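User: I'm new to reading protein models. Could you walk me through a few features, giving me the general idea each time and then the case here?

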Amino acid sequence: MDWSNMQFNQDTVELLLITIKKYGWIDLPSYGTSMFPYIKKGNVCRFVAFDEMNVKKGDILLYHTNTGQLIAHRLLSVLKQDNNQKQFVLKGDTNLCSDEPINQNQIIGKLITIQTTKRKKYANKFHAIVWSNIILSFPFLSKLLRYSLSLEFYYKNRSGASS
């Protein structure tokens with residue numbers, strides 16, 4: 001899930017961090033398909049403050065890139081550098097490759113809920129944990145999900161062109 005068409009400056013990132021600190025959470029509408037089908041475009045995602053002690057492989061973290069993009073992707077691993085700094089490796093469920101490793105200061109928050117049009121999904125509930133384990137254990141699923149999205153896009157545009 002990314003907001004790659006929008007650029008966020010450091011002031012905007014600071015505003016997001018202040019909002020989380022003040023209210024305990026922030027709600028952001030999803031945009032993009034990198035976390036499909038777990039998160040769909042238009043779902044409202046709730047993030048809480050990032051706490052290194054309470055994050056684990058498979059959690060979805062909201063972060064900002066050095067180029068000003070805001071992205072929420074799944075945590076794959078934590079790399080320890082020689083200088084005792086940590087870098088976090090994340091990946092979208094439908095992306096074929098992981099993102100560039102990020103530093104802890106780029107992380108804004110951790111996903112706790114997703115509000116769809118029909119219900120609220122909790123990131124710590126059984127179905128979310130199972131999905132996380134499946135997507136992490138079987139990387140080829142990303143390719144299948146990507147293919148499924150491309151077919152959906154193809155048929156939507158094909159039917160739209162004929163009307």
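User: Let's start with charges and rings: which ring does the charged end of Arg46 sit over?

Analyst: The general idea is a cut-off: a charge sits over a ring if NZ of Lys or CZ of Arg is within 6 Å of the ring centre and within 35 degrees of the ring normal. Here the charged end of Arg46 sits over Trp25, 3.7 Å from the centre of that ring. There's also Lys121, which lies over the face of Tyr38 at 5.0 Å from the ring centre. Keep in mind that this is a predicted model, where local features need pLDDT of at least 70 and side-chain atom pairs count only at pLDDT 80 or more, while totals for chains, interfaces and linings use all residues. Residues are numbered from 1 along each chain as its sequence is written, and side-chain values use heavy atoms, with hydrogens and water left out.

User: How many aromatic pairs does a search of the whole structure find?

Analyst: Rings of Phe, Tyr and Trp (its six-membered ring) pair if their centres lie within 6.5 Å; planes under 30 degrees apart are stacked, over 60 edge-to-face, and the rest tilted. The search of the whole structure turns up two aromatic pairs. One of them is Phe50 with Phe88, edge-to-face, with 5.7 Å centre to centre and 90° between the planes. Phe50 is in the loop between β2 (44-49) and β3, and Phe88 is in strand β5, so this pair ties together parts that are 38 residues apart in sequence. Phe138 and Phe140 also make an edge-to-face pair, at 6.0 Å centre to centre with 70° between the planes.

User: Is Phe88 buried or exposed?

Analyst: Buried means under 20% relative accessible area, exposed means over 50%, and partly exposed is in between (1.4 Å probe, protein chains only). Phe88 has 1% relative accessibility, so Phe88 counts as buried. Phe50 is buried too, at 16%. Phe138, at 42%, counts as partly exposed, and Phe140 is exposed at 51%.

User: Now strands. Which way do the residues of β3 point?

Analyst: In a regular strand the side chains alternate between the two faces of the sheet. Strands here are DSSP runs (E, at least two residues), as are helices (H or I, at least four), and both are numbered from the N terminus. In β3, Ile60, Leu62 and His64 point one way, and Leu61 and Tyr63 the other. Five of the five residues of β3 (residues 60-64) are buried, so this strand is largely enclosed by the rest of the structure.

User: Which strands does β3 join?

Analyst: Two strands pair if DSSP finds at least two bridges between them. Five bridges link β3 to β4 (residues 70-80), running antiparallel, and Leu61 stands opposite His73 there. The two strands form a hairpin with five residues between them, and Gly68 in the turn has a positive phi of about 90°. On β7 (residues 107-115), also antiparallel to β3, there are three bridges, with Ile107 as the bridge partner of Tyr63.

User: What does Asn95 touch?

Analyst: A contact means heavy atoms within 4.5 Å. Leaving out residues up to four places away in sequence, Asn95 touches Ser34, His73, Ser142 and Arg146. Asn95 sits in the loop between β5 (86-91) and β6 (102-103), and at 15% relative accessibility Asn95 counts as buried.

User: And how many helices and strands does the protein have?

Analyst: Three helices and eight strands, in the order α-β-β-β-β-β-β-β-β-α-α along the sequence. Buried residues make up 41% of the 163 residues.
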